[in-house]
Amino acid sequence: MSIWWSLHLRREAASVPLARRLLLGAMETAGVDPDVSYDLSVALSEACANAVEHGGDDTSGPHCAEYQVTAYLDGEKCRIEVADSGPGFPGPRRRRSRAARPVSHTRENGRGLCLIEQLADHVHFRNRPGRGAVVTFDKILKWREGALLQAS
């Protein structure tokens, strides 16, 4: 069994905890290990916060005032995608090893993408020319005993 959901959210700060709570609730109901759920929820929060802050120009039309979150829980993996209508990433982003890319705990901003890279197993950042940026990340799931969706 697998589940997926997709949200179209306004680029407002209140949308970030909404997406996070929905993900945590779905994973708790499905039986995902709480530590894995927490890592994914923090990564999702960072991706959503980036979409809210950088995801578009509200004066360019209604599509720029929103962003989309899609999550898939299937067997042994969870994949999350956050897409916005902003200017995109300012240059090519290449995934670096976790050890080579430490997160500075003293910086006020600019840590979100690094945190996503550290919390997820696979991360992909891409631009959609003229349509915004997409952050996709996966994590291998661990399940609680008797989980509803546990991989066979």
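This is a predicted model: local features need pLDDT of at least 70, side-chain atom pairs count only at pLDDT 80 or more; totals for chains, interfaces and linings use all residues.
The chain contains 3 helices and 5 strands. Along the sequence these elements follow the order β-α-α-β-β-α-β-β. Of the 152 residues in the chain, 43% are buried. The accessible surface amounts to about 8700 Å², and carbon and sulfur atoms contribute 51% of that area. Among contacts with a separation of 6 or more, 63% are between residues 24 or more positions apart.

Helix α2 spans residues 34–54 and helix α3 spans residues 112–119. The two helices pack with their axes 9 Å apart, at an angle of about 155°. Because angles over 145 degrees are classed as roughly antiparallel, α2 is roughly antiparallel to α3. The crossing of α2 past α3 is left-handed.

On the α2 side, the contact is formed by Asp 39, Val 42, Ala 43, Glu 46, Ala 47 and Asn 50. These residues meet Gly 112, Leu 113, Leu 115, Ile 116 and Leu 119 of α3. By residue class, the contact of α2 with α3 comprises 7 nonpolar, 2 polar and 2 charged residues. The charged class includes Asp and Glu, whereas Gly is counted as polar. An α-helix has 3.6 residues a turn, so residues three or four places apart point the same way.

Helix α3 is largely enclosed by the rest of the structure, because 7 of its 8 residues are buried. The buried positions are Gly 112, Leu 113, Cys 114, Leu 115, Ile 116, Glu 117 and Leu 119.

Elsewhere in the chain, the loop between β1 (2–10) and α1 (15–30) contains Ala 13. The relative accessibility of Ala 13 is 59%, and this residue therefore counts as exposed. In sequence, Ala 13 is 35 residues from Cys 48, while the C-alpha to C-alpha distance between the two is 8.8 Å.

Terms used:
Residues are numbered from 1 along each chain as its sequence is written. Side-chain values use heavy atoms; hydrogens and water are left out. Axes are lines fitted to C-alpha atoms, for helices over the stretch in contact, and angles run from 0 to 180 degrees between N-to-C directions. Helices (H or I, at least four residues) and strands (E, at least two) are DSSP runs, numbered from the N terminus. Angles under 35 degrees count as roughly parallel, over 145 as roughly antiparallel, 65 to 115 as roughly perpendicular and the rest as oblique. A crossing is left-handed if the near helix is turned anticlockwise from the far one by less than a right angle, and right-handed if clockwise. Contact means heavy atoms within 4.5 Å. Buried means under 20% relative accessible area, exposed over 50%, partly exposed in between (1.4 Å probe, protein chains only). Accessible areas come from the Shrake-Rupley method with a 1.4 Å probe; for residues, only the protein chains shown count as cover.
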